[in-house]
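Please look over the sequence and the model before reading on.

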Amino acid sequence: MAAVEQFLSNPTVRRFARPIGLVIGLLLMACAIVFAVLERAQLTDALATLRDPPPETIALMLGCVLAGLLLTGLLFHVLIARFARVPWWEMQALVASTTLANYLPLKPGLIGRVAYHKVRHGIAPVQSARTILEAVGLTFAAAMSAVCLLWLCQTLALPPELVFVSPLLALVARLFPKGRTLALGFVIRSAEVFLWALRYWCAFRLIGSPVSYESALVLATASCLATLVPFISNGLGLREWVVGLLTPILAGASMEAGIVAELVNRTAELIIVIPCGAAGAVLLAKYRGAVRADERSAEAV
């Protein structure tokens with residue numbers, strides 16, 4: 001882990017890798033949009049369906065995005081508690097604002113979160129970096145365990161609902177002091193993966209190409225793994241092509257439908273992340289201003 005942290009903190013790596021990652025992500029996103037536009041038949045059908053979308057499906061999809069954002073805040077609240085006591089509401093505001101910032105070029109949200117914890121709570125950058133790497137590892141573990149359990153259920157002709165058992169099994173690790181934090185983190189991340197699957201299930205329904213929840217779960221895990229690629233903000237562009245290429249294989253729908261569904265999914269993200277992130281930033285700024293005012297009053301006394 002120390003070697004990974006040292007590599008990611010290398011100024012040369014940050015200077016060159018992030019702009020390159022941004023350019024690659026933007027190119028992939030542009031290609032995905034152009035491809036969807038060129039496939040006019042699929043795009044026309046999808047837009048026709050989106051003109052009169054089921055309100056309950058939209059509400060469910062946006063609710064999943066909001067719940068996932070809250071779970072991410074809860075995850076970092078749990079992971080950072082080993083180093084300092086950060087109020088739950090403050091962590092939620094910080095995660096929301098930095099998630100929005102990560103859509104900007106060079107993905108400044110992660111650095112902003114590390115700097116905030118250092119200034120506000122005295123948490124060493126290496127400790128903040130550790131929680132970020134642990135969150136990445138938990139995402140990979142939750143995604144892979146869901147896929148493996150789903151494959152096992154299909155192979156042994158077991159009910160696919162057993163895939164939801166994996167988080168419960170992880171709770172066994174809470175019996176051991178050293179595994180409690182990561183076990184709880186795995187449960188939270190697994191819940192996020194299941195919500196991602198529900199988002200894809202909704203997205204495909206919205207464009208008129210419904211898929212099963214099991215297929216949506218596999219696509220969601222692939223999308224989650226795409227977001228882990230370094231220096232490409234939120235898997236920008238990469239997610240669209242990963243989902244598009246895998247949709248014919250895993251869900252029986254067309255590649256065009258996969259790309260359009262991912263574009264709908266990302267739009268739903270922005271609808272939630274933009275106001276939540278802006279509100280979080282304003283809340284943190286006001287709170288920081290109030291703290292500074294109290295500190296000046298104390299010094300005056």
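## Basis of the description

Helices are DSSP runs of H or I with at least four residues, strands are runs of E with at least two, and both are numbered from the N terminus. The model is predicted, so local features need pLDDT of at least 70 and side-chain atom pairs count only at pLDDT 80 or more, while totals for chains, interfaces and linings use all residues. Residues are numbered from 1 along each chain as its sequence is written, and side-chain values use heavy atoms, with hydrogens and water left out.

## Overall fold

The chain has 12 helices and zero strands. Its pattern along the sequence is therefore written α-α-α-α-α-α-α-α-α-α-α-α.

Of the 301 residues in the chain, 43% are buried. Buried means under 20% relative accessible area, exposed means over 50%, and partly exposed lies in between, using a 1.4 Å probe and protein chains only. A contact is a pair of heavy atoms within 4.5 Å. Taking contacts between residues at least 6 apart in sequence, 71% join residues at least 24 apart.

## Helix α5

Helix α5 covers residues 88–101, which is 14 residues. From first to last C-alpha, α5 reaches 20 Å, close to the 20 Å expected at 1.5 Å a residue; the expected span is 1.5 Å times one less than the number of residues.

Is α5 mostly covered or mostly uncovered? It is mostly covered, with 10 of its 14 residues buried. Among the buried residues of α5 are E90, M91 and Q92, as well as T98 and T99.

## Two helix pairings

Helix α7 (residues 125–155) and helix α9 (residues 180–206) have axes that come within 8 Å and cross at roughly 60°. Axes are lines fitted to C-alpha atoms, for helices over the stretch in contact, and angles run from 0 to 180 degrees between N-to-C directions. The two helices are therefore oblique to each other: angles under 35 degrees count as roughly parallel, over 145 as roughly antiparallel, 65 to 115 as roughly perpendicular, and the rest as oblique. On the α7 side, the residues in contact include E134, L138 and A142, and on the α9 side they include F186, R189 and F194. By class, this contact has 10 nonpolar, four polar and two charged residues. Ala, Val, Leu, Ile, Met, Phe, Trp, Tyr, Cys and Pro count as nonpolar, Asp, Glu, Lys and Arg as charged, and the others, Gly among them, as polar.

The axes of α10 (residues 213–226) and α11 (residues 238–250) come within 9 Å and cross at roughly 150°. That crossing makes α10 roughly antiparallel to α11. The crossing of α10 and α11 is right-handed. Residues of α10 including V218, L219 and A222 meet residues of α11 including R239, V242 and L246. The contact of α10 with α11 divides into nine nonpolar, three polar and one charged residue.

## Individual residues

T57 lies in helix α4 (residues 55–80) and is buried, with a relative accessible area of 5%. Leaving aside residues up to four places away in sequence, T57 touches C202, R205 and L206.

L198 belongs to helix α9 and counts as partly exposed at 22% relative accessibility. With residues up to four places away in sequence not counted, L198 touches L60, C64 and Y213. L198 and E214 are 16 residues apart in sequence, and their C-alpha atoms are 9.7 Å apart in space.

Key: A crossing is left-handed if the near helix is turned anticlockwise from the far one by less than a right angle, and right-handed if clockwise.
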